[in-house]
Every structure is written in structure tokens, then in C-alpha cells.
Amino acid sequence: MAILILGLVLFLGMHSVFIVKPGLRPTIIARFGAIPWQIVYTLVSLVGLVLIVNGYASARVAPIVLYDPPTWTRHVALLLMLPVFPLLFATYLPGRIQAAAKHPMLLAVKIWALAHLLANGTLADLLLFGGFLAWAVADRISLKYRAGPPVPGAPANRVNDVIAVVGGLLVYLLFMFWAHRALFGVAPIG
């Protein structure tokens with residue numbers, strides 16, 4: 001469990017630097033340069049992500065069950081997951097979806113985390129998905145008071161929404177019927 005917690009601290013901590021200190025980005029970039037900062041940010045985030053994956057996997061071997069979710073919550077989780085991938089696509093494809101969601105990636109993370117909290121009841125699940133949910137809520141609130149970093153993406157176009165929805169739903173189906181089991185050893189359906 002300690003590995004999972006350390007991974008969450010590194011990954012979410014690195015992603016929270018500008019929530020805690022919004023004016024730090026220009027200072028760091030002016031002092032060290034954009035590329036060195038991006039390298040450090042990426043490396044710390046990757047180490048955190050690897051620790052999260054390994055810590056979560058080891059916690060699943062001997063899970064500490066906090067609650068046993070009823071079967072219907074898994075069905076709700078499947079429905080909640082439907083907009084997650086289209087929202088992720090919309091992050092980089094400016095259109096009506098991006099404009100309506102304002103911060104589609106954060107909305108996707110919040111929905112993803114909530115869906116997984118509903119369907120899973122171990123301590124590791126609470127730490128992982130609860131941590132990401134708390135981070136996404138804090139980041140979204142902080143964006144009301146600070147400017148977020150520019151998000152690179154495709155030029156604005158009406159077709160972007162179609163690409164986001166179709167591409168997102170295809171990835172959703174891929175995860176439902178193959179990728180989730182292949183990557184995480186758990187089949188959402190079946």
C-alpha cells in the first residue's frame with residue numbers, strides 16, 4: 001500500500017504544483033527553461049505512474065475490503081464511463097463539447113474516478129480513485145482563479161465533436177470488450 005501512496009503523492013503532487021502555487025510556472029520556466037522543466041515534470045509523473053500501477057497491483061493481491069458494492073453499481077459505472085473517452089478526445093479537439101465542458105479532461109477524470117469508486121470497495125480503490133477525484137475537483141476549482149496551461153490540439157472545427165464522440169465511443173468499446181481485461185486483468189462485462 002505504501003508504494004501506491006508514494007506513487008499517488010508523486011503523480012498527483014506534481015500535477016498539483018500549480019494548484020498550490022499558480023504563479024510558479026513562469027518563474028520555473030524563466031529560471032530553468034521550458035524543456036528542462038518539462039523533462040523533470042514528465043520523469044516525476046512517470047515514476048509516480050509506475051508506482052501507482054505497481055502499488056495498486058500488489059494491493060489487489062491481499063485487498064482490504066471497506067465495502068461490498070451491490071451489483072447494480074457496476075451497471076451505473078458502465079453508464080457513467082460512456083462520456084469519459086469522448087471527453088478525453090474533446091480535450092484536444094476544440095468544438096462544442098470542449099466549450100460546454102470547459103475542462104473536458106478534468107470532467108473525464110472526475111467521472112472515471114466516481115464510476116470506479118461506485119464499482120469497487122477496497123482501500124486501494126478508495127486511495128486511487130478517491131485521490132484522483134479529489135485532485136480533479138481541486139484542480140477544477142483552482143482553474144476558476146488561475147489560467148490553465150495552453151492545451152495543444154487540432155484547430156477548432158465542427159467536425160471535431162463528431163471525431164471526439166465516434167473515436168471516444170470506439171475506445172470505450174475497445175476497453176469494455178478487450179483492453180480493460182488485457183491491461184488490468186478485470187473484465188468490466190462478463
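**Pocket**

I started with the largest pocket, and its volume comes out at about 1600 Å³. For the record, a pocket here is an open set of points on a 1 Å grid over the protein atoms alone, where a 1.4 Å probe fits, with protein on both sides within 12 Å along at least five of seven lines. The volume is the space filled by probe spheres set on the points.

I noted that this is a predicted model, where local features need pLDDT of at least 70 and side-chain atom pairs count only at pLDDT 80 or more, while totals for chains, interfaces and linings use all residues. Numbering runs from 1 along each chain as its sequence is written, and side-chain values use heavy atoms, with hydrogens and water left out.

Next I looked at the lining of the largest pocket, meaning residues with an atom within 4 Å of a point. There are 48 such residues, and Trp112, His116, Phe129, His180 and Phe184 are the closest to the centre. By class, I get 37 nonpolar, 7 polar and 4 charged residues in this lining. Which helix gives the most to the lining? It is α7, with 8 residues. Helices are DSSP runs (H or I, at least four residues), numbered from the N terminus.

**Ser45**

I found Ser45 in helix α3. Is Ser45 buried or exposed? It counts as buried, because its relative accessibility is 8%; the cut-offs are under 20% relative accessible area for buried and over 50% for exposed, with a 1.4 Å probe and protein chains only. The Ser45 side chain reaches the backbone oxygen of Tyr41 at 2.8 Å. Leaving aside neighbours within four places in sequence, I see Ser45 in contact (heavy atoms within 4.5 Å) with Phe11, Met14 and His15.

**Helix α4**

In α4, I listed Thr73, Ala77, Leu78 and Met81 as buried. They are on the same side of α4 because they cover an arc of only 150 degrees around the axis; the arc is taken from the directions from the helix axis to the C-beta atoms. What covers these buried residues? I found α5, α7 and α9 among the elements that do. The face turned away from the buried side of α4 carries Trp72 and Leu79, both exposed.

**Lys102**

Last, I checked Lys102, in the loop between α6 (96–101) and α7. Lys102 has a positive phi of about 65 degrees, although it is not a glycine. Most residues other than glycine have a negative phi. Lys102 is also exposed, with a relative accessible area of 56%.

Key: Helix = DSSP H or I, 4+ residues; strand = E, 2+ residues; numbered from the N terminus. Nonpolar A, V, L, I, M, F, W, Y, C, P; charged D, E, K, R; others polar. Polar contact = N/O pair within 3.5 Å; in protein donor to acceptor, adjacent residues only side chain to side chain.
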